[in-house]
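User: I have not looked at this structure before. Please take me through its features one at a time.

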Amino acid sequence: MKRQFRILKHQEFDRIIRSGKSLRTPHFSLCYETNELGYSRIGIAVGKANGKAVVRVKEKRQVRAIFAERDDYRVNVNLIVIIRPSYDPERYQEAKDELNKALDTIKERQN
């Protein structure tokens with residue numbers, strides 16, 4: 001994911017989580033707000049409760065891969081994906097379906 005499509009600053013993460021709308025699924029919490037940039041920006045957060053660093057990096061990599069495969073996501077939002085401790089990296093396809101369904105819901109809410 002290119003740098004311009006990522007949310008990196010801690011202050012932006014906090015602002016979006018506090019003031020944005022949210023959507024919860026069994027394995028993800030998604031916080032989002034509308035932006036005026038013409039493209040989506042995405043941030044991924046994983047807490048220490050998910051496991052050691054190797055596990056957390058694997059989880060983030062899998063979520064990035066889901067977004068990379070989904071090239072039709074053209075919504076003007078700043079989106080924070082929080083991976084919950086119930087996420088299991090071994091059940092990738094199940095998580096992919098769940099996240100795609102949640103992203104479709106956000107897309108519908110924005111239109």
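User: Is F5 buried or exposed, or something in between?

Analyst: Burial is read from relative accessible area: under 20% is buried, over 50% is exposed, and partly exposed lies in between (1.4 Å probe, protein chains only). F5 has a relative accessible area of 26%, so F5 is partly exposed. Y39, at 27% relative accessibility, also counts as partly exposed. This is a predicted model, in which local features need pLDDT of at least 70 and side-chain atom pairs pLDDT 80 or more, while totals for chains, interfaces and linings use all residues. Residues are numbered from 1 along each chain as its sequence is written, and side-chain values use heavy atoms, without hydrogens and water.

User: Which strands does β2 pair with, and in which sense?

Analyst: Two strands pair if DSSP finds at least two bridges between them. Strand β1 (residues 21-24) pairs with β2 in the antiparallel sense over four bridges, and R24 stands opposite S29 in β2. The two strands form a hairpin, with three residues between β1 and β2. β2 is also joined to β4 by seven bridges, and these strands run antiparallel. Six of the seven residues of β2 are buried, so β2 is largely enclosed by the rest of the structure.

User: How does β3 run relative to β4, and how many residues of β3 are buried?

Analyst: β3 and β4 run parallel, joined by six bridges. I42 stands opposite L79 in β4. β3 is mostly covered, with five of its six residues buried. A45 lies in strand β3 and is partly exposed, with a relative accessible area of 22%.

User: What does A45 touch?

Analyst: Contact means heavy atoms within 4.5 Å. Beyond its neighbours within four places in sequence, A45 is in contact with F13, V81, I82 and I83. Its C-alpha atom lies 21 Å from that of K107, and A45 and K107 are 62 residues apart in sequence.

User: Where is I83, and which residues surround it?

Analyst: I83 is found in strand β4 (residues 77-83). I83 counts as buried, at 2% relative accessibility. The bridge partner of F28 in β4 is I83. Leaving aside neighbours within four places in sequence, the contacts of I83 include H27, F28, I44, A45, V46 and N50, and also E59, K60 and V63.

User: What lines the largest pocket, and what lines the largest cavity?

Analyst: On a 1 Å grid over the protein atoms alone, a cavity is a set of points where a 1.4 Å probe fits but cannot get out; a pocket is an open set with protein on both sides within 12 Å along at least five of seven lines, and lining residues have an atom within 4 Å of a point. Points are joined across faces, edges and corners, and a volume is the space filled by probe spheres set on them. The largest pocket holds about 340 Å³ of space. Of its 14 lining residues, M1, F5, I42, F67 and R74 lie nearest its centre. Helix α2 (residues 53-69) gives the most to this lining, with four residues. There is one cavity of 30 Å³ or more. The largest cavity has a volume of about 40 Å³ and is lined by H27, D88, R91, E94 and A95.
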